Amino acid sequence: MSEPLLQLQSITRVYGKDSAEVRALDGVDLTITEGEFVAIVGQSGSGKSTLMNLLGCLDRPTAGTYRIHGQDVSKMDADGLASLRRRTFGFVFQRYNLLANVSALENVEIPAVYAGVRQSERKTRARELLARLGLNGQEKSRPGQLSGGQQQRVAVARALMNDAEVILADEPTGALDSGTSRELLELLEGLHQSGRTVILITHDQKVAARADRTIEIRDGKIIADSGAVPRSKPCFEHRTARTSPSFILQLTESIKTAFRSLRANLFRTALTLLGVVIGVAAVVAMLAVGQGSQRDVMARFEDMGANLLFVRPGGDRGARMRGDAIATLTLEDADALGELDNVIAAVPSRSGSATLRRGNADHRGSVEGVSEDWLLANNRRVEYGTFFTAEDVDRRVGVVVLGTTTAGELFDNVSDAVGEYVFLSGAPFEIAGVLEEKGASSFGSDQDDIALIPITTGMMRVFGSSYLSSITIAVEDTDVISTTESEANTLLLDRHGTEDFRIRNTASILESVQQTQNSFSMLLGAVASISLLVGGIGVMNIMLVSVSERTREIGVRMATGARRSDILVQFIVEAVVVCALGGMIGILSGFGICAILVNLGTSIAITPLPAILAFSTAFLTGFVFGFLPARNASRLDPVRALSAE
Ligand code: ADP
Ligand code: MG
């Protein structure tokens, strides 16, 4: 007597709960030994498929014990069952259950993929099996291109791929015509001859008659069993059991599958990609714009020089708003500040606007009363003529130095201006010189629209009062600029008795500009990240759709031995592949947008960081947003997945 291969003891399988309860199997005892050819018959709904699913470890009993080779499988976890399915069982279904978008050869290979067989070995064996089943030349055909009989033979080849000891066939001829059915039965008989255990479910008495043993089920109970036939044939030699696939193999297979399923749905893939591409491109382009503008502003500020202190009237904001504190800085303050250590010059300034007139031409622009040291503190040069002198300031002479914009409004030829006279607030001023052109400031104002006059003259003839708008202090040694700043502060406090002024240095201005710029960049980055997030949600959405569409495929993969982790990895990899692909295209598009913006005159700074950041974010997005759908897929119940439409 052969050892029992499969042994069911008081197996019960109940579907549903309470009033909706269905006892699909009700206390079934059954022992099947190696090498048997068993037919299970019974009416539709009698519990045949339920029994088959339990035998093949696709499902678990509600009660009772099931032993395979004496080992109790009720204590095994999902992965243990997957590995049993992979090694022991080969399924043949009524509906074939082939994967529609891969070739016959690849369909046959699937169980070996999950068993960790190398690709070359897999291909050879799959080809052999197809040839043995009369499917020579059909390796590359998709299931849709094959007849029902051919598809079922592909399914048999798949069942044999891992050298299954037990072939479980659930109404395999149900969808075939009688001629093809006969061929398939001969095929199964042949497998039985070679020593395999074959368990066949059928409606058809003639089919059942070809088996050695017939078991009849009704309402979940075995009502007839013709009994085991003593066996004379050689027992099936199982080849060495394989281990689980290595992670690398699992990953490469998953990536291949991912590309295949992405290709199968090109339009959808393209739309999903688009979401990620837009997100990544936005991050790359927006950060480049942000950094470009920051770089520009910085460059202009650095040009201004780091050795300056600015004194302005007004202490607290309230006083400034009321206008109380405007009239606090005087020329004497400037002179006193000029006496401090480390100070090269303290340049008083009073600015306003006025109309300059020469003949019929006039120009309204900015007029600034300053001292002779203005050039030094402002890093400017005179192009034609000279600047006014200390003596001019002392003697309140009516001289003016013009910026090129102002000079250009009044003279056809800027170089002709020197020595000529212009009227400013009704008084004549001699033009001493014209400044070298400077261009727009970082705030966009024209730095050449200016007329400089001695501060003393300005107070008397133009501004009508003797208070200053600001004092600019140029220091010698910038390392001790903060000491100079506090000395200036003490000095002015002494003179005024109250802090009705503010002192700032270039560094602190630079810092606040930098802060503004940073928050600008952050804002752009945030906007871009939101679009990346939207792209990620799109990926999740499409993955959820994909999982529910491919439930059958997931069931087939599980039936052929895929573990939960195989399914999980496969779907995560798909999401990651979409996102990574979208990330790469997005970076290229981002650079493309940058190139267009540069042509349009926008200032752009391309650094590798945003691209790297955007790509890794996209990659991560794939993981995060792919995880939920993938987990849903991996937690599917194999039986339900297989019966999904
Ligand atoms: P057969 O294969 O003999 O036609 P099944 O084993 O498929 O019968 O079904 C046996 C009984 O269990 C039927 O009454 C069927 O309606 C019920 N059944 C099968 N699967 C489920 C399920 N997933 N949920 C609820 N009832 C089920
Ligand atoms: Mg059935």
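Partly exposed means a relative accessible area between the buried limit, under 20%, and the exposed limit, over 50%. Phe619 has 33%, so Phe619 counts as partly exposed. The model discussed here is predicted.

**Aromatic pairs**

Phe619 forms an aromatic pair with Phe615. The ring centres are 6.2 Å apart, with 35 degrees between the planes. That makes the pair tilted. Both residues lie in helix H20 (residues 608-634). They are four residues apart, about one turn of the helix. Phe615 is partly exposed too, because its relative accessibility is 25%. The model has six aromatic pairs. Elsewhere, ring pairs link Phe89, Phe91 and Phe93 into a cluster.

**The sheet**

Six strands form an open, mixed sheet, ordered S6-S7-S8-S3-S9-S10. Strand S6 (89-93) and strand S10 (221-225) are the edges, and each pairs on one side only. Neighbouring strands are turned by 20 degrees against each other on average, direction ignored. Strand S3 (residues 37-41) and strand S9 (residues 213-218) run parallel, joined by four bridges. Ile40 stands opposite Ile215 in S9.

**Salt bridges**

Side chains of opposite charge can pair when their charged atoms come close. The structure holds 27 salt bridges. The table shows some of them.

| Pair | Closest N to O | Separation in sequence of the parts tied |
|---|---|---|
| Arg210 and Glu189 | 3.1 Å | 21 residues |
| Arg381 and Glu436 | 3.6 Å | 55 residues |

Arg210 sits in the loop between helix H7 (205-209) and S9, while Glu189 belongs to helix H6 (residues 178-193). Arg210 is partly exposed, at 30% relative accessibility.

Arg495, at 40%, counts as partly exposed.

Arg381 is in the loop between helix H12 (374-378) and strand S14 (382-385). Glu436 is in the loop between strand S17 (427-435) and strand S18 (450-454). Glu436 is partly exposed, with a relative accessible area of 31%.

Shared partners also join Glu109, Arg122, Lys123, Glu253 and Lys256 into one salt-bridge network.

**A nonpolar surface patch**

Phe267, Leu271, Leu274 and Ile278 form a nonpolar patch on the surface. Together they have about 440 Å² of accessible area. Phe267 is located in helix H9 (residues 266-304). Its relative accessibility is 65%, so Phe267 counts as exposed.

Conventions. Residues numbered from 1 in each chain as written. Chains lettered and ligands numbered in written order. Predicted model: local features only at pLDDT ≥ 70, side-chain atom pairs only at ≥ 80, totals over all residues. Heavy atoms only, no water. Patch = residues over 30% accessible without salt bridge, like charges linked within 9 Å, V, L, I, M, F, W, Y side chains within 5 Å. Areas by Shrake-Rupley, 256 points an atom, 1.4 Å probe, with all protein chains shown as cover. Salt bridge = Lys/Arg side-chain N within 4 Å of Asp/Glu carboxyl O. Helix = DSSP H or I, 4+ residues; strand = E, 2+ residues; numbered from the N terminus. Buried < 20%, exposed > 50% of the residue type's maximum accessible area, 1.4 Å probe, protein only. Pairing = 2+ DSSP bridges. Axes fitted to C-alpha atoms, helices over the stretch in contact; angles between N-to-C directions. Phe/Tyr/Trp six-rings, centres within 6.5 Å; stacked < 30°, edge-to-face > 60°.
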